[in-house]
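Subject: Structure for you to look at

Hello,

Here is the structure I said I would pass on. Please open it first, then read the notes below it.

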Amino acid sequence: MPTADDLSVVEDCERALLTGSVRGDRLSAGLLLHPDFREVGQSGRVWDRDSILDMLEAEAHAGPVAIRAEELVPTALAEDVVLLTYVSVSAQGRAHRSSVWVRRDGRWQLLHHQGTPAPTQDAQPATPDD
């Protein structure tokens, strides 16, 4: 099973993908993405590896990238597989995020990512009757 050090490395890799320097460098971002990478974005759009690399690069070159990860929770799912959940905060709002990281050839790579819009902090929590 992944060790505490592995879980820490996965968190660092996820945070790196949120920086403008990695997003704007196709090679660096590409090293963190598994060849079979897929994302279901908070908009509902499905991205493959090439389309997400294009988007990350364009976003980084359009201006400063300001995305913060909060409440990170890494969970070892199996040998060489980690689920990382967290809340992202950016100018576009908050989103619940989940990432599946796999160790491939000794390196952690993001295989699947999902984003779901989160209510604003001012919103009242949902009740079971909602």
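A helix here is a DSSP run of H or I with at least four residues, and helices are numbered from the N terminus. By that rule L32 belongs to helix α3, which covers residues 26-32. Please keep in mind that this is a predicted model.

Start with L32. Is L32 buried or exposed? Buried means under 20% relative accessible area. L32 has a relative accessible area of 13%, so it counts as buried. Leaving aside residues up to four places away in sequence, L32 touches C13, A16, L17, V22, W101, W108, Q109 and L110. L32 and L111 are 79 residues apart along the chain, yet 9.1 Å separates their C-alpha atoms.

Next, two helices. An α-helix has 3.6 residues a turn, so residues three or four places apart point the same way.

Helix α1 runs over residues 4-17. The buried residues of α1 are D6, L7, V10, E11, C13, E14 and L17. Seen down the axis they fall within an arc of 160°, so they line one face of the helix. A4 and D5 are exposed, on the face of α1 turned away from the buried side.

Helix α4 (49-62) also has 14 residues, and the distance from its first C-alpha to its last is 20 Å, close to the 20 Å expected. Which residues of α4 are buried? They are I52, L53, L56 and A60. These cover an arc of only 100° around the axis, which puts them on the same side of α4. The cover over them includes α2 (20-23), α3, β1 and β2 (46-48). On the face turned away from the buried side, α4 carries the exposed residues A58, H61 and A62.

Last, the largest pocket. It holds about 650 Å³ of space. Of the 30 residues that line it, R23, M55, E59, I67 and R97 are the closest to its centre. Which element gives the most to the lining? That is α4, with four residues. Elements that each supply at least two lining residues include α1, β1 (33-40) and β4 (81-90), and also β5 (93-104) and β6 (107-117). By class, the lining has 16 nonpolar, nine polar and five charged residues.

Regards

How values were computed: Residues are numbered from 1 along each chain as its sequence is written. This is a predicted model: local features need pLDDT of at least 70, side-chain atom pairs count only at pLDDT 80 or more; totals for chains, interfaces and linings use all residues. Side-chain values use heavy atoms; hydrogens and water are left out. On a 1 Å grid over the protein atoms alone, a cavity is a set of points where a 1.4 Å probe fits but cannot get out, and a pocket is an open set with protein on both sides within 12 Å along at least five of seven lines; lining residues have an atom within 4 Å of a point. Grid points are joined across faces, edges and corners, and a volume is the space filled by probe spheres set on the points. Ala, Val, Leu, Ile, Met, Phe, Trp, Tyr, Cys and Pro count as nonpolar, Asp, Glu, Lys and Arg as charged, and the others, Gly among them, as polar. Buried means under 20% relative accessible area, exposed over 50%, partly exposed in between (1.4 Å probe, protein chains only). Contact means heavy atoms within 4.5 Å. The expected span of a helix is 1.5 Å times one less than its number of residues. The arc is that of the directions from the helix axis to the C-beta atoms.
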